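Open the structure in a viewer and keep the selection panel at hand. The stops below each say what to select and what is there.

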Amino acid sequence: PGTVLRHGNKVIIFISKGAIINRVDNFIGKNIDDVIINLNANSFDNSKLLYHIGNPLEVESELPKGIIISQNPSPGSQISSLTDLQFLISKGKDRLEKHVKNYIGIYYKDAIASLLNDSISFDIDLANTNDFGNIIFQSIPPGTKINEPDKILITIAKPKVDNKIVFGILTYKLRHHPSYVDISVRLKGLDGKNSLMYSFKSKGGLIKLPYEVQKGSTIELYIY
């Protein structure tokens with residue numbers, strides 16, 4: 001400012017385009033886990049981060065679990081800076097009520113398989129009795145209706161094993177997910193062969209799984 005110009009001098013004027021305007025993507029109908037994975041991946045590829053994702057809100061719905069029902073801001077809204085993105089997602093609707101079965105007297109492997117198949121959360125205690133490997137106690141009586149947050153405690157009588165076998169409880173704390181994730185537990189034996197021990201779905205929390213394997217074997221847990 002204030003510079004004296006002579007006839008014939010050229011002046012270049014730069015005009016601001018204003019803030020860069022983006023529009024909110026449409027995430028409705030997509031799975032929340034897939035959306036979060038894609039947004040996190042894009043944040044590494046692009047220097048500009050557009051969204052901050054809040055904790056999703058869950059409601060009962062006929063839609064599958066984890067499907068985004070609505071979002072705020074709505075699709076197409078204009079944004080020019082980091083924006084808080086809030087999702088409303090389906091937690092599904094169980095059409096079939098779950099009832100606790102009678103696990104007492106059943107060998108622990110069969111009881112665990114039944115609990116995992118029914119998606120019932122459970123905790124495990126061990127006891128030294130002559131019922132080797134069988135379930136000797138359950139905290140919720142058979143026939144009781146059980147809801148998703150409920151957890152049943154079962155007590156396993158330690159199985160009798162020889163000095164080449166080890167029995168124990170695999171314990172893992174899985175971070176909580178808005179929808180179910182697939183989990184598998186595999187055994188790598190001394191001969192190098194790989195076999196499936198458990199396969200189930202979980203939304204997170206403390207996982208306890210009994211195992212009875214040869215000493216020196218490797219147990220591997222996979223989350224998908």
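Colour the model by pLDDT, the predictor's confidence in each residue on a scale from 0 to 100. Among the elements of the protein, helix 1 has the lowest mean pLDDT, 78, and strand 9 (residues 135-138) has the highest, 98. Helices (H or I, at least four residues) and strands (E, at least two) are DSSP runs numbered from the N terminus. Over the protein the mean pLDDT is 87, and 86% of residues reach 70 or more.

This is a predicted model, in which local features need pLDDT of at least 70 and side-chain atom pairs count only at pLDDT 80 or more, while totals for chains, interfaces and linings use all residues. Residues are numbered from 1 along each chain as its sequence is written, and side-chain values use heavy atoms, with hydrogens and water left out.

Next, select Tyr103, Ile112, Phe122, Ile152 and Leu209. Of the 25 residues in the largest nonpolar core, these five touch the most other members. A nonpolar core is a set of buried Ala, Val, Leu, Ile, Met, Phe, Trp, Tyr and Cys residues joined through side-chain atoms within 4.5 Å; buried means under 20% relative accessible area, exposed over 50%, and partly exposed in between (1.4 Å probe, protein chains only). Helix 2 (108-117) is one of the elements that supply at least two residues of this core, and helix 2 gives the most, with 5 residues.

Centre on Phe122. Leaving aside neighbours within four places in sequence, its contacts (heavy atoms within 4.5 Å) include Ile112, Leu115, Leu116, Ile152 and Leu209. A second, separate core has 11 residues, among them Ile32, Val35, Tyr51 and Ile89.

Now look at the rings. The whole structure holds 5 aromatic pairs, meaning rings of Phe, Tyr and Trp (its six-membered ring) with centres within 6.5 Å; planes under 30 degrees apart are stacked, over 60 edge-to-face and the rest tilted. Select Phe27 and Phe87, an edge-to-face pair at 5.6 Å centre to centre with 80° between the planes. Phe27 lies in the loop between strand 1 (22-23) and helix 1 (32-45) and Phe87 in strand 6 (residues 83-90), so the pair ties together parts 60 residues apart in sequence. Both Phe27 and Phe87 are buried.

Move to Tyr222 and Tyr224, a stacked pair at 6.4 Å centre to centre and 15° between the planes. Tyr222 is partly exposed at 31% relative accessibility, and Tyr224 is exposed at 59%.
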